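Subject: Structure handover

Hello,

Here is the structure for you to take over. My notes on what turned up follow below it.

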Amino acid sequence: MKGFIVFLLLCFSVGSYGQAIISGRISDGKESLPFCTVQVHGSTNGTITDIDGNFTLGGVLPDDTLVVSFVGYSTQFIPVGNRTSFEITLQPDVQALEEVVVVGFGVQEKINVTGSVVSVDLKKIRNRGVSNVSNILSGQTPGLTVLQRGGSPGRNQGQLRIRGIGTLGSSDKNDPLIIVDGVETGSLTEINPEDIQNISILKDAAAGAIYGVRAANGVIIVTTRRGTEGSIKTNYGFQLGFSRPTSLPEKVNATELAELLNESQKNEGLTTRSFSSADIDLFESGASPYTHANSDQLKEVFDRNGLRQMHNLSFSGGNPNILYNISLGHTREDGLMANTGMKRYNLRSNIDINLTERLSLGINLAGSQRIITDPVVGVGGIIHRAYREWATDPITLENGNWALPNFSLAQGINHNSVALVNEGGSKEFVDTRLLTTFVLGFEPFEFLSIKGIAATVQDFNKRSEIAKALSLYNVNGSLANTTQSSVLEGRDNIADINLQLLVNLEKQLRNHSFKGLLGFNSREIETSLSSLSALDLRSNDLDQINAADLTQDAIFGNTTEYRLLSYFGRFNYGYSGRYLFEANLRYDGTSRFSKSNRFNTFPSLSVGWRISEEDFFDVSVIEELKLRVSWGRLGNQEIGDYRYLNTYVFDQTAIIGNVEQGGATERVPLGNADIVWESTEVNNIGLDLMLMEGKITFSGDYFIRKTSDVLIQKPLAAVFGTGVSSANFPFVNAASTKNQGFELDLNYTDVFGDLNFSCNLNFSRVTTEITDLAGTDQPGFSVGDPIANIFGYEALGIFQNQDEVDNHADQSALGPASAPGDIKYKDITGPDGFPDGLINDLDRKNLGSFFPQINYGLSFRLEYKGFDFSSLWQGVADVEAEIGGRQRQPFFLGSSPWKLHMDRANISRDGDVINADASYPRTLITGNTKNYVTSSWWVKNTAFLKLRNAQLGYTIPYDKLENFNISNMRIYVSGENLLTFTHFEGFDPEIPTTGSALPIFDGNTGYPVTRTYLIGLNLSF
């Protein structure tokens, strides 16, 4: 490591300007100020403060004067004298509160921004115990909803939605656009959070129209750290911690399972019972642990603490001719089960070179590699099996062999999840990304700058999968079965070439200010996929294709191409700092539509009025009051490639002349050459307020977002036959949606003696509505319904006795005859619009939405004499989930019941329900499916309030460190997802939406959200 540092010093030496080295800390009296400029007056010798407000500057003489400046604060001139340590407090400059925010293809002073743009406070994202940037954003800003649907290492990213769900179709159609250092990356997964300097979120069309076709769902812009003038600065960060599940449903034990199964057989009128009283006695006593086990496969699967460690090392510095920031990062997350985990390696180098006085070159190099390990059937496959297996079955036999389920074998369960996760094999995903960006800047005149950007994003993804032969044994010791071994190797390579040309003009003429941007953008993406697999490895110790039976192989491969061509411009005008105007225009063309439909125009207009700058405005307590109004149109094309073409598949065969020959058939869904862009119009009105010398800031927005020409799959005409599934319908522009809502953001900062205090409260509410479906309406998916709708029957309770069954509306259309203990449904209407005594499809209604309409966050930060404490709370409301699968039905597909199912309608000897307030109807295995139709009984409130993060730290005083050449040292403890307040039972309330939280055929879901505890250290040299 010493050699590496010396090498960097030699490469980026900035020389020595003098004899003395000074250091210090800059704050506003409340919080540290990062990125403040500290410069020797009259020279180019200077530096900026780090993220904690600390600085070190060499080459300073006693006669020098320091010039300390920061946007929004009054500049200070401080004589050096004989001092080597400084504690500097900057005072807000109310006349210059011009915070710079990152917008599309540039930056703007916040007071001049007329769109809805918000920046995330850097202090709120530092030192968090999460590996994915998306989860850091949870609760940070209004209008952005982040839901973590699972906690599997490497796949625990949050689902990001800006201002709700705005379109229909696949989930990724609602993903926001991700921009990193000016380049579209499509993902936040590979970014090291410690490399981030700024995150901006563009929410309305005025802010996002400059990105045109890709901005319908909002834009998230990430800027990474860059070098600053001064001697080399070294920063090191370390974290160590562990994770556990926040919530995991508990299965019943062997005795409870036997009781429920016998009870269900009784409820179904069967005369036989699976378990005798002697069996139950053996389960309770544990006297025969192999024939009558009391096992917990789920506990054995999740038998580990998910250890986590993180290391980050960065070097930055430079001189007037070259600035550099180099960072290296390593993160490791071990899973809660065997053969699961994620390792990530990051390298980032940002270099800025002044070639001449007017010509500059920026070189950004970023590399990341993620290695994700899963069991061969996926984490969801393991969890699915563990929930199916019964507590009555042993996991291992006396001789240590893996056991085949005993009692549950009758239900078709022939696997052992504990054996499978430990010895069944694994699969490894190695995702390598290289991002290279060259930025050539030319400033021929003071008012004109030209920038050319050439960037490549290259993904090299490898998938290796080894399924080992696994033997399971009967309780008597005989071999029951051995699974078939297999091996698979796959490659996914993506090459993304991004070219941009930007021309910026800026001019001030007395009270008139003008800014202009003209731009060109070209993207070309090529994706190639291939895989090779084979069966029957000769040995579990061999993992290569050649070690398998090559007569049982399968080969797959294809290549897709996608191109985007865009021209865009922006014009800003301001008069006397009071009246603001902005116009954006983008002309986009894409290869995802036919030649006649490829191009479209996306404009936006916005105005701002700084009322506080008017002569008539005389409210001393208010420093800033601005009104913003905007309109714009955006696009969406995210339906995949070649949807306008009829494509072919070559894996079909035919018998021609008694000879089997290969052939090709048209692939479904069929193409449609007439499809065009989805078009989204957004109207926004906002208010920004600052008062009490900047102690209180407030921002509020109201918006209406209308999306037309929504691309959906419309049913085919009857001439195509009746066997075509909805997934194979062609895409058409045939729907419209509407979102509307409001957002509030309130900040307060103050100083009470040595105590610095700040807090933030943000709140947003958004409603969604389908406004047109071109005649394809279906019950529960019709005009007027919310987008994320749950549709079903209204449950009135449980039939308590036979008289209630006899005197209620006829429910026979839903299944077998009702009995006490079954769910009772409301007779809402009939063919004539009035209740008709029959419960059928006409009696269904909207029951709620699985996307939260309300999202809020609350954060606090305290600083006192070196100690700091921060907390972040996030919550959602007005959200429901339809629980399904094994959470709804105790013996679903032979699965094990849960502890929750014990609170069921128990039937007495005389046929009445014993416990009237039971949470579940009477227990059944197969009969009376009417209990399990979609109804309000199974729609649960999944609102929650979570303590997303709490952090306690201590910064050691500088005078205790200077003898060790350490400029800053902070130690801290931190936790993620520490507390959850919710009425939902079972899984973590973020996971369920509709149906089963443990889908049978999905290999990567069902993994619980995790709670993380860690300790950390930050060092600066």
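Start with a hairpin. Strand 8 and strand 9 form it with two residues between them, and phenylalanine 105 takes a positive phi near 60° there. Helices (H or I, at least four residues) and strands (E, at least two) are DSSP runs, numbered from the N terminus. Strand 8 (residues 100–103) and strand 9 (residues 106–109) run antiparallel, joined by four bridges. Valine 100 stands opposite glutamate 109 in strand 9.

Two points on provenance. This is a predicted model, in which local features need pLDDT of at least 70 and side-chain atom pairs count only at pLDDT 80 or more, while totals for chains, interfaces and linings use all residues. Residues are numbered from 1 along each chain as its sequence is written, and side-chain values use heavy atoms, with hydrogens and water left out.

Five strands make it up, in the order 10-15-16-13-14, with mixed pairing. Strand 10 (117–119) and strand 14 (183–184) are at the edges; each has a single partner strand, so one side of each lacks a neighbour in the sheet. Two strands count as paired if DSSP finds at least two bridges between them. Strand 10 and strand 15 (residues 196–202) run antiparallel and are joined by three bridges. Valine 117 stands opposite leucine 202 in strand 15.

Helix 4 (residues 254–267) has 14 residues, which should span 20 Å at 1.5 Å a residue; its end C-alpha atoms are 20 Å apart, in agreement. The expected span is 1.5 Å times one less than the number of residues. Helix 4 is mostly covered, with twelve of its 14 residues buried. Buried means under 20% relative accessible area, exposed over 50%, and partly exposed in between (1.4 Å probe, protein chains only). Among the buried residues of helix 4 are Leu257, Leu260, Leu261, Glu256 and Glu263. The buried residues of helix 4 pack against helix 5 (277–285).

Helix 7 (residues 378–388) is largely enclosed by the rest of the structure, because ten of its eleven residues are buried. They include Val379, Ile382, Ile383, His384, Tyr387 and Arg388. What covers them includes helix 6 (297–301), strand 21 (359–375), helix 8 (417–423) and strand 22 (425–445). Contact here means heavy atoms within 4.5 Å.

Strand 22 also holds threonine 437. Threonine 437 is buried, at 2% relative accessibility. Leaving aside residues up to four places away in sequence, threonine 437 touches Val183, Gly362, Ile363, Asn364, Ile453, Ala454 and Ala455.

On to charges. Side chains of opposite charge can pair when their charged atoms come close. A salt bridge is a side-chain nitrogen of Lys or Arg within 4 Å of a carboxyl oxygen of Asp or Glu. The count by this rule is 47 salt bridges.

- Arginine 563 and glutamate 524 meet in a salt bridge at 3.1 Å, N to O. The pair links distant parts of the chain, 39 residues apart: arginine 563 is in strand 28 (residues 549–575) and glutamate 524 in strand 27 (residues 512–535). Arginine 563 is partly exposed at 38% relative accessibility, and glutamate 524 is partly exposed at 37%.
- Lysine 845 and glutamate 794 meet at 3.2 Å, N to O, in a salt bridge. Lysine 845 is in strand 41 (residues 844–849) and glutamate 794 is in the loop between strand 38 (789–793) and strand 39 (795–798), so the pair ties together parts 51 residues apart in sequence. Lysine 845 is partly exposed at 31% relative accessibility.
- Glutamate 804 forms a salt bridge with lysine 824, their closest N and O atoms 3.5 Å apart. Glutamate 804 is in helix 9 (residues 802–806) and lysine 824 in strand 40 (residues 823–825), so the pair ties together parts 20 residues apart in sequence. Glutamate 804 is partly exposed at 27% relative accessibility, whereas lysine 824 is buried at 17%.

There is also a network: Lys626, Arg628, Asp688 and Asp701 are joined by salt bridges that share partners.

Last, leucine 862. Leucine 862 lies in strand 42 (residues 854–864). At 30% relative accessibility, leucine 862 counts as partly exposed.

Best wishes
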